[in-house]
Amino acid sequence: MAEIILNVEIRDRAGTGGSRETRRQGKIPGVLYGGAKAPVNIAVKGNEFRKALFTGKLLGHLVTLQHGDEKQSVIAKAVQFHPVTDEPLHFDLYRVGEHQLIKIEVPVHFKNHETSVGLKKGGTLEVIRHTVELACPADKIPEELVIDLASHDIGDVIRISEIKLPEGVRPAMDRDFVIANLKASAASQSNEGDTTTAEA
C-alpha cells in the first residue's frame, strides 16, 4: 500500500472564496476527482500536506486518502504554489484502483556526467524531454527514469528504448522517441576548425 496517508476533510464552500477561507484556517484546499464519482472539494491540514509534499513521494505517486474510516487510493496529479513564497495553495487528487492502468509523467535523470566519453571531449547534453509519459499500474509507478551517460559519445542520440522499464510499464507513445542528444559544443567545434586550419 502507499507510504503516504493524507487525512482529508470535506469542504462545504467551493470557488475562490471557499479556498481563501480554508487557507485562513491553516489548511490547503484541493479537489478529488476521477472514476465514476463526482468531484469533491477537500482540504488537508497545512503542516501535514507540506510534510507529505517534502518527502518527494507525493506528486505522481500512489498515496492513501483517508476520511474518517474510509480509505481510497489516489494519485496526486498537481499542486499549485504561491509565485513568491512557494507555499502550496491548491492540489488535485485523482481516484484510482491500486492496480489500475494509468498514464503519468515521470522525471528523467542522467548519471555519470563526469565519466561520459562525449562530455569529457567537450560535448554538451541537449535534453529534449525532462519527463516521459508512461502507461503503468498505479502501484508500479517508477520514481524516475535514469540514463547512464558513461559510454555515450558526441553524436549519440538517446532514445526511450535505451531505458529498461519495469515489468508492466511502457511508454504512453508507441514510438522510439528521442530523450536527449550528445552534441559537439561550439567551443569544441571551433577547436577542431582551428586544428584543421593549422594542418592545412
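What follows is a short exchange on how some terms apply to this predicted model.

Biologist: Why is His 152 called buried?

Modeller: Buried means under 20% relative accessible area, with a 1.4 Å probe and protein chains only. His 152 has 9% relative accessibility, so His 152 counts as buried.

Biologist: Where is His 152, and what is it in contact with?

Modeller: His 152 lies in the loop between strand 10 and strand 11 (157-159). A strand here is a DSSP run of E with at least two residues. Contact means heavy atoms within 4.5 Å. Leaving aside neighbours within four places in sequence, His 152 touches Ser 116, Val 117, Gly 118, Ile 158, Glu 162 and Leu 182.

Biologist: What makes His 152 and Asp 156 a polar contact?

Modeller: The term asks for N or O atoms within 3.5 Å, one able to donate a hydrogen and the other to accept it; residues adjacent in sequence count only if both atoms are side-chain atoms. The side chains of His 152 and Asp 156 are joined at 3.0 Å.

Biologist: What makes strand 7 and strand 10 a pair?

Modeller: Two strands pair if DSSP finds at least two bridges between them. Strand 7 (residues 101-111) and strand 10 have four, and run parallel. Lys 111, for one, has Asp 148 of strand 10 as its bridge partner.

Biologist: Why do strand 10 and strand 12 stand at the edges?

Modeller: The open sheet has four strands in the order 10-7-9-12, with mixed pairing. Strand 10 (145-148) and strand 12 (170-171) each have a single partner strand, so one side of each lacks a neighbour in the sheet.

Biologist: How do you know the sense in which strand 6 pairs with strand 2 and with strand 5?

Modeller: Strand 2 (residues 27-33) and strand 6 (residues 88-95) share four bridges in the parallel sense. Val 31 stands opposite Asp 92 there. Strand 5 and strand 6 run antiparallel, with seven bridges. Ile 75 has Tyr 94 as its bridge partner in strand 6.

Conventions: Residues numbered from 1 in each chain as written. Predicted model: local features only at pLDDT ≥ 70, side-chain atom pairs only at ≥ 80, totals over all residues. Heavy atoms only, no water. Buried < 20%, exposed > 50% of the residue type's maximum accessible area, 1.4 Å probe, protein only.
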